[in-house]
Amino acid sequence: TCNDNICIKFHSSAENKIYEKYLKLNNNSLYKIIDLNPLQNINYEVLGGIIFMDLSIQHIIESSVPYLINYLSMNKRTRSKVIISYILSNEFNIKQYSLIKSVNGIKISNLNNFINTVKNNIFFINKKPFVYILLEDDNHLLLDLQKCYNIDKHINLSYNYNLSNVYHSIL
């Protein structure tokens with residue numbers, strides 16, 4: 001029986017026989033939502049005091065947010081998600097543990113994709129740089145990147161994190 005295994009059936013035309021192969025998927029490289037190892041470098045991006053990260057098992061467990069619990073299931077863990085991990089500023093009306101759906105209409109798959117999409121898709125209103133972020137719950141966030149930069153410069157005095165490379169393209 002297949003149970004928790006993947007059951008692959010193939011037909012050998014030379015032998016006119018059907019073979020079944022059972023595979024147990026336990027290779028963590030298949031799973032994009034993983035446990036964070038505190039000894040590894042943890043990747044994050046901060047824009048306007050909002051910390052964006054790849055969704056991890058720790059986020060799911062610590063948050064106890066019902067919609068995130070689904071991502072503990074192995075079949076939901078094969079695609080990475082970007083999450084608002086923490087909020088250092090009260091400048092934006094946004095919830096911690098929100099999942100990112102798209103940036104300026106471009107679907108987001110992981111943190112590197114998020115960063116590159118933000119960098120390469122800034123739009124301007126009255127010569128001010130903006131980025132539009134749509135969340136999985138269909139709420140949205142319109143970030144004025146100049147304002148975000150000023151917020152991060154101020155917060156950085158207390159938290160001492162690296163300012164985003166996104167700002168290099170607008171300053």
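**Close-ups of a predicted model**

View 1. Lysine 127 lies in the loop between β8 and β9, where helices (H or I, at least four residues) and strands (E, at least two) are DSSP runs, numbered from the N terminus. This is a predicted model, so local features need pLDDT of at least 70 and side-chain atom pairs count only at pLDDT 80 or more, while totals for chains, interfaces and linings use all residues. Residues are numbered from 1 along each chain as its sequence is written, and side-chain values use heavy atoms, with hydrogens and water left out. Most residues other than glycine have a negative phi. Lysine 127 isn't a glycine, yet its phi is positive, about 65°. Asparagine 126 is in the loop between β8 (123–125) and β9, and its phi is positive too, at about 50°. Are these residues buried or exposed? Asparagine 126 counts as exposed at 72% relative accessibility, and lysine 127 is exposed with 80% (buried means under 20% relative accessible area, exposed over 50%, partly exposed in between; 1.4 Å probe, protein chains only).

**View 2. Helix α3 and what covers it.** Helix α3 takes in residues 111–120, and its buried residues are Leu111, Phe114, Ile115, Thr117 and Val118. Looking down the axis of α3, you'd find those buried residues within an arc of 165°, so they line one face of the helix (the arc is that of the directions from the helix axis to the C-beta atoms). Over on the other side of α3, Asn112 and Asn120 are exposed. Among the elements covering the buried residues of α3 are β5 (82–87), β6 (99–103) and β9 (128–135).

**View 3. A buried lysine.** Lysine 81 is found in the loop between α2 (66–69) and β5. With 18% relative accessibility, lysine 81 counts as buried. Which side chain does the side chain of lysine 81 make a polar contact with? It's that of glutamate 136, at 3.1 Å (a polar contact is a pair of N or O atoms within 3.5 Å; within protein, one must be able to donate a hydrogen and the other to accept it, and residues adjacent in sequence count only if both atoms are side-chain atoms). Setting aside neighbours within four places in sequence, lysine 81 is in contact (heavy atoms within 4.5 Å) with residues including Met53, Asp54, Tyr71 and Leu99.
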